[in-house]
Every structure is written in structure tokens, then in C-alpha cells.
Amino acid sequence: MKSKIILTALIAGSFFMANAQEKAKPEDTEVWDPIPKVVVPGKTFADAPSDAIVLFDGKNLDEWVQADDQSPAKWDVAHNILTVNKQYGNIETKHKFTNYQLHLEWREPVDIAGTGQARGNSGVFLASLGKGDAGYELQVLDPYNNKTYVNGMAGSIYKQAIPLANPGRKPGEWQTYDIVWTAPVFNEDGSLKSPARVTVFFNGVLVENNFTLLGPTLYIGKPEYKAHGPSSIKLQAHGDKSIPISYRNIWVREL
Ligand code: MG
């Protein structure tokens, strides 16, 4: 008796489903609103699109400050290129960001010396968390025949994510990073609601695919999240003795 009722219900159910399917129209699954805004792309993939905030266009460091004391950024600008000045330390953006798309280009000196982590080390802190190297670092390092721990090579999220490939070019050649950063979200009590995620294209090749960070990147120890709000993007003046590296064409789109 019971099974007959179930069978009847099943037949009736599938009849109504079939009926609903018949009445469905293509328009039912079309989404027309909101319309994505029109953005004029750059002439090449690397050119800033119309809605980007240009952080460095070769002229000056107006968008940057020294990370430790917020004084005007003192790295060297010449021939449309920004070069790390190790004597002054890290620089960071005046503007604070949450989620964004970031483009930047970097170059190891053609006569770079040193080995491993001491060969052209710099870094992009995707969110600065204050002085020194506090934050979430996408490593910048000579990627060409330069052996080091793979979770610290160029394209790595320092000591957390090994890049999926090494598309690095030789010293003296410009390299590109195109980054999608999703900031961590915190609850009112400071606990973690959702972790940070990052996607990175290195010279156009996907090297980090929506990677979920364990917390800020650390030189020593295990990462742990601590609540924070919108943050600067920070560039690293690493303490190694090799010749300073350079940057150019830095722009960001807030998401
Ligand atoms: Mg570094």
C-alpha cells in the first residue's frame, strides 16, 4: 500500500516536472541586469585600462610613501623606471585597497650576482600589514637558473604556494605579474570569516590559481590570520647584497 502511494507520487512528480520543463523558455535563464560597465582596454595587455588607478607611470612616486614612516617614497626614478633603493626600505601605496586586479612589471639587473634568495630578491606585498615585511608576499626573485626553495621562488606566495610553472625570463628582460587579490574577511570579533585568495599570471602564464592563503607570509613559523581592513600594496627592499631590481608600469583596478 505504502509503496503504491510512493509510486503514484513519483509518477505525478515526474509529470509535473516534465510539464514545467516544457513551459520553460530560453528567456527564463537570461540575465540582463546589471549591465557590466564599459571599460576601454589598453592597446596591449599591459597598458592600463580606462578605469585603472595608475600607481607608477614612469614619472614620479606621488602614489607611494616609505612604508615605515609614511614619508615621501625615496626610491630612484630615472628613464621611466623605478629602482629599489635599499637604504630606505620598503615603499607602499598611499591608497588602501581591498579586492583588486594589479599589473606590474619588474626586471632583474643584467649583471645580477648572488645565489638563491640573495639574487635579486624583492616582493609584492598584496596587502601590507605595517612595518617591515608584514603582509602577504608574492615573491620577486631572479627566476632564471637560480636554485632556491620552490615555495620561495619567483611566482610563489612566500612559503605557502609553489608556482604552477616557471615562465621566468633572463636577467635584463622585463617580466610581468598580473594578479587578482581577494582580501580576507573578518567577523566583528576579529575571527576569520573567509581567507585571502590570489590568482597570479607570471609573463602571461598562470602560476597561482585562486590559491587560498593560510595567513600573512612569514620568514619563520606558521602563518595565522589577524583581523585587518583595507591595506596598502607594498614593494620590498630586500636586505640582500645584490644589485637592486627595477619596476615599471604599475596599475591597479579595484574590484
Ligand atoms: Mg622577497
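Reader: Which backbone nitrogen lies 2.7 Å from a polar atom of the side chain of Asn-203?

Author: This is a predicted model, in which local features need pLDDT of at least 70 and side-chain atom pairs count only at pLDDT 80 or more, while totals for chains, interfaces and linings use all residues. Residues are numbered from 1 along each chain as its sequence is written, and side-chain values use heavy atoms, with hydrogens and water left out. The side chain of Asn-203 reaches the backbone oxygen of Pro-167 at 2.9 Å. The backbone nitrogen at 2.7 Å from a polar atom of that side chain belongs to Thr-176.

Reader: Is Asn-203 buried or exposed?

Author: Asn-203 is found in the loop between strand S12 (197–202) and strand S13 (205–212); strands are DSSP runs (E, at least two residues), numbered from the N terminus. Buried means under 20% relative accessible area, exposed over 50%, and partly exposed in between, with a 1.4 Å probe and protein chains only. Since its relative accessibility is 14%, Asn-203 counts as buried.

Reader: Which residues coordinate the magnesium ion?

Author: Donors are N, O and S atoms within 2.8 Å of the metal (3.2 Å for Na, K and Ca); water is not among the atoms, so sites may look incomplete. Along the chain, the donors follow the spacing N-S-x14-E-x1-Q-x96-Q. At 2.2 to 2.3 Å, the magnesium ion is coordinated by Asn-121 (OD1), Ser-122 (O), Glu-137 (OE), Gln-139 (OE1) and Gln-236 (OE1).

Reader: How many residues apart in sequence are the parts that Ser-122 and Gln-236 tie together?

Author: Ser-122 counts as buried at 0% relative accessibility, and Gln-236 counts as buried at 3%. Ser-122 lies in strand S7 (residues 122–128) and Gln-236 in the loop between strand S14 (234–235) and strand S15 (246–254), so the pair ties together parts whose separation in sequence is 114 residues.

Note on methods: Helix = DSSP H or I, 4+ residues; strand = E, 2+ residues; numbered from the N terminus. Polar contact = N/O pair within 3.5 Å; in protein donor to acceptor, adjacent residues only side chain to side chain.
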